[in-house]
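Here are a few friendly notes to read alongside the structure. Take them one at a time, and keep the picture open as you go.

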Amino acid sequence: MTKKPKLQFQRFTRLQRLLHILMIVSFISLALTGMSLKFAYTSWAYFLSHLLGGFETAGNIHRFAAIIMIIVFITHIFDIIRMKRKIFHSWKSLILGPDSMLFNRKDWDDFKASMKWFAFRGERPLYGRWTYWEKFDYFAVFWGIFVIGSTGATLWFPVFFTQFLPGWALNVATIIHSDEALLATGFIFTVHFFNTHLRPEKFPMDIVIFTGRIPLEEFKLDRPAEYKELVEKGELENYLVEPYQPIVIRTIKIFGWTALSLGLFIVIWIIYAMIFAYR
Amino acid sequence: MKRLILLVILFLRFYTFAQENGDCLSCHDDKTAKGSRNGKSFSVYVDEKKLKGSVHIKNKCIDCHVDLKGADFPHEEKLKRAQCGACHDEAQKLYSEGLHGKAKAKGDPLAPGCVDCHGNHDILKKKDPRSMTFALKVPFLCGKCHREGSPVQLQRDIPQDHIIENYSESIHGEGLLKKGLTVSATCASCHTPHRILPHTDPRSSIARKNIAATCTQCHMGIENVHRKIIKGELWEKEAHVLPACVDCHQPHKARKVFYDQGMADSDCMKCHANQGLKSSKDGHSMFVDIAEAKDSRHNKVACSQCHSTVNPSKLRPCESITKKVECASCHAAVGEEYKLSTHGKLFAKNDENAPICSECHGTHHILGRRDSRSPIFATNIPKLCAQCHRPGQVAAQRIKNKADNIIEEYRESVHGKGLLKSGLTVTAKCTDCHTAHRELPSSDALSSINPKNIAATCGNCHSGIEEKFAKSIHSPDITKTDKKLPKCNDCHSSHTITRTDGDNFKLGVMTMCGKCHEEIAKTYFETYHGKVSQLGYSKTAKCYDCHGSHDILPPTNPASHLSRQNVAQTCQKCHPGATRRFAGYLTHATHHDPQRYPWLFWVFWGMTGLLVSTFIIAGAHTLLWLPRSFQWKKKLKELEEKEKLDSAEEPDTIKQNEQGKE
């Protein structure tokens, strides 16, 4: 008789995982195609642009990926509304409850405690479901979608927008679109990558966003506040599931590696372009 | 008394038998009146009107028909011929000495008499256009007998053929028949009207020693214009060695070109047909392939016309030749051009590498430029010039650094491909830009490729563009400046010129603009258009898409593509529906200029500030985390190992819940 595997804690729903995968695909597509234009003066951009099938195809990929990302965004908004109805039952509990994505008092305390912890002046804070840096990442995407999305639309339909905007607004939109994209890609492929994947204890990557599952012991250690709350409420058992088969894990890792490498490649390319080929 | 009687008789006769024309016409004005001779019947009708219109209006019938004087009516049928010589004794004399007269005297039925040329009752003055001997009609008159296929031409010994055809195409025939120049030479001008003699007869007007006199009746002072061919002093000192007019200007075929000298060539060929003939000086072959010469453009030019100092009075006529062939004697204008050219200047300096006429055109086998075998046939020209201008060859060595591989470059250029691959002989060849005979370096003001002249040179084929360019801001006529203005070749290059619809050109030409418009080109590459072009795609606005190419004007000029009136239309070429406001897009924007583009400058630095501060905060956070993270890694590893040990004993108490909260 085969031994039953240890149960794992389920952190992300299936939809959340799917949205993140779509987010990765669209984000990397946008980054590669966009950067190939932004850093057009580098030989890498030239190579990439031709690899992707020319600037027109790259442009089409860029716009298609943008639509996917907007769909991801809208789906997420609908998911929040669904969660409010099914799980939180009220906006109040969604926004002010312990599992809220919004910054609250605990985040401020956690941040201060983290600083102390980093400085070896205290213990690791008892992080809850969402840490403050995760919340920062989350809202960075909100901000990014609005800023990059709106300026992107202006550049996509310049003839329409110049019916009520001056021509130079397109130049301004270009700067905002491009620099905000630089910030987004730079941030995701360095800070986010480190905080979630490349951090020594998670190295080389944390696949929880793909599997949705985290070993119970690790969860207990990582998010003590959430664990404690669930145990107190007696709801922990509702979140325990069997781990995936090794083949699934392997597939996930291949995807993860691909995304990670592409992201790091883009970062290196950006740094190269900024330092050695900037014009 | 006897005398008196005779006088009376004469007097009486005169009165009694005075035959008025009317008397004759009383019978001869009958249109049906017929006579017969040797059994043949013919009309004896005389048209009174014609008779009255003729030069002989004052003469009586019997003045010519002298044998009828005093004859009774009806007179005898068999009459003597009208005796023209009775009055025209001079003409009659010449006639009887000439070929026609002698043949007539011998009873040659084909020999012409007076009436054959002059008519009979209707003889008109030769200045009367209706006259058979009117200048314009002379060739037809003579042609009656001397045309191809006529009995005279077939049965008599006439040394020339196609006389009338040749004449009508000759300069004389053309002048007479096509241009109506009645002063032009007709048959009679050279052969005389009445005493026509073969050229072998020393009395003949066309005898070798008389021919010059015959020709100079009209061509007075002709020796003055022949000095290029025949040295002036020879005309006076050694006239006997001179060729006769017809040696060069063939009779009946005379044109403004030179003609076969006949036997002279065969004299030369006596020696030069020998394949083993060598120069006694340097041993080079002196053999002349006559077949080649006959095939050449100069097939009607005699040897001695080019090898001009030949002296036929010498045993070896060519021993007097001391000079090389001087083509410019005939091709004078070309010769002048050549003297101006670098080739000609080198030749004047006795440069042994200087190309002379024969190096490009050949010697005895000179062919026209439309002959595909000719070295100067369009598609052979690059090869011809390459002989000296290919890297390593004499010209390339002399013109250091510049003449690098021009031939190969030309081959790959749009002109070279057009010429050599597509066989478009109208395509620009070396000689079209550099000229065939006056090639000069571009630094020479006379050069066809001098910056001042290059637009006109290109405009030879690319017409219309030159005019456009002349009105543009780049034209020296419009912009007065000390700075260098672009010429055709600055953007299109010269030997490497490519098609303008290829990406290489479309993108490459922007570099050309950038050479002078450095700052504006740099800022262009900061915009979307510039970046796409940098990626190597031409399907984006490039300099000339907005500014135009040959018709560039400043935006302040209403005719400019970028003027207030035209700018939206220019944008619409790619952006349908673009408005004036759309055109406000800064196509040469830079965010490095706070004065001109404050919005861009501050937005850029705002964004950069946001970016830098975010990275500083997040980066610091991450770095601070690092030591703890390593510590935490150890802790997790311990936990993992502990779990491995535990899992062996610990029973699975937690209820399985596959669905979870999904």
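1. How many contacts beyond four places in sequence does the model have for residues 10–18 of chain B? It has two, and pLDDT stays under 50 over that stretch. Please keep in mind that this is a predicted model.

2. Another stretch to read with care is residues 257–263 of chain B, where pLDDT also stays under 50. Here the model has 20 contacts beyond four places in sequence.

3. Now for chain B as a whole: its mean pLDDT is 83, with 88% of its residues at 70 or more. Confidence is lowest in helix 1 of chain B (residues 2–17), with a mean of 51. The highest value, 94, belongs to helix 34 of chain B (residues 567–572). The scores for the model are ipTM 0.93 and pTM 0.66.

4. Next, look at where the two chains meet. Chain B brings 51 residues to the contact and chain A brings 50. On the chain B side, helix 32 (528–534) and helix 35 (598–647) each supply at least two residues. Helix 35 of chain B gives the largest share, 23 residues. By type, the chain B side divides into 26 nonpolar, 15 polar and ten charged residues.

5. Just after helix 11 of chain B, B:G180 takes a positive phi of about 70°.

Key. Residues numbered from 1 in each chain as written. Chains lettered and ligands numbered in written order. Predicted model: local features only at pLDDT ≥ 70, side-chain atom pairs only at ≥ 80, totals over all residues. Contact = placed C-beta atoms within 7 Å. Helix = DSSP H or I, 4+ residues; strand = E, 2+ residues; numbered from the N terminus. Nonpolar A, V, L, I, M, F, W, Y, C, P; charged D, E, K, R; others polar. pLDDT = per-residue confidence, 0-100.
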